[in-house]
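Dear colleague,

Here is the structure I promised to pass on, together with my notes on it. Please read the notes alongside the coordinates.

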Amino acid sequence: MSRWSLPDSATESEWLQALKRGDRNAFTQLYDFYWQRLFTVAYNYTRSRETAQELVQEVFMSLWVKREELVVRTNLESYLYGAIRFRLYDLLDKQKSASLYADYAAYTQTAAEETTEQQLAFAETTALIQQQIDGFPETTRQVFLLSRFEGHSVAQIAENLHLSPKAIEYHITKALRLLRLHLTDICLLVAIFGL
């Protein structure tokens, strides 16, 4: 097989079976074949060689760690491209969240009003909210961030994530319910520190 030709389904199937058995040679072949392709996708989104390399390494590390329970529904290439896309979405979600929190902090507090206690309380409140969002199941977190932080409609999210609109609504409702469960702690912090 040449360096750039796609493996046939039999080759992919052999790679997968060998990978599940822990065959390092199969993993190395897989890695050598797909690394540059995944790196190109990641680099086109991040425009950072270091970040793109880290994301691709995470995909392959996860592939090796989860090899025994690996389920590939279509083909290996689609699975790997999906994995790198999810890593990119996760990275973009985290960057967007950090940016939104920074903007919110700058907007709501002026330098004259900021005291050490208020800064600490705001940081703790923000950390509590972020911790709750980070603790959501992956799809729920992704749907919630796209809906509430990026302003995407249910239909847009459904199309983007290849889920039904009902599933998107379920994940938004679930995320809001999970946040409400922990809102008491956040409100208590706000009341104590007077934010």
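Helix 4 gives the most to the lining of the largest pocket, with 9 residues, where helices (H or I, at least four residues) are DSSP runs numbered from the N terminus. This is a predicted model, in which local features need pLDDT of at least 70 and side-chain atom pairs count only at pLDDT 80 or more, while totals for chains, interfaces and linings use all residues. Residues are numbered from 1 along each chain as its sequence is written, and side-chain values use heavy atoms, with hydrogens and water left out.

The pocket was found on a 1 Å grid over the protein atoms alone, as an open set of points where a 1.4 Å probe fits, with protein on both sides within 12 Å along at least five of seven lines, and its lining residues have an atom within 4 Å of a point. The volume of the largest pocket is about 890 Å³, taken as the space filled by probe spheres set on the points, which are joined across faces, edges and corners. Its lining comprises 24 residues, and Tyr79, Gly82, Ala83, Phe86 and Glu138 lie nearest the centre. Helix 3, helix 4, helix 6 (138-149) and helix 7 (154-161) each supply at least two of the lining residues. Because domain 1 (1-107) and domain 2 (116-194) both give residues to this lining, the pocket lies between them; the domain bounds come from an automatic or database assignment.

As for packing, the largest nonpolar core has 23 residues, of which Leu30, Tyr34, Leu38, Val56, Phe60, Leu63 and Leu80 touch the most other members. Such a core is a set of buried Ala, Val, Leu, Ile, Met, Phe, Trp, Tyr and Cys residues joined through side-chain atoms within 4.5 Å, and buried means under 20% relative accessible area, exposed over 50%, and partly exposed in between (1.4 Å probe, protein chains only). Helix 1 (9-20), helix 2 (24-46), helix 3 (49-65) and helix 4 (76-108) each supply at least two residues of this core, and helix 2 gives the most, with 8 residues. Leaving aside neighbours within four places in sequence, Leu80 is in contact (heavy atoms within 4.5 Å) with Leu30, Tyr34, Leu38, Val59 and Leu63. Another core, of 7 residues, lies apart from the largest one, and Val143, Leu146, Leu161 and Ile172 are among its members.

Finally, the backbone: Arg47, in the loop between helix 2 and helix 3, has a positive phi, near 60°, and counts as exposed at 57% relative accessibility.

Best regards
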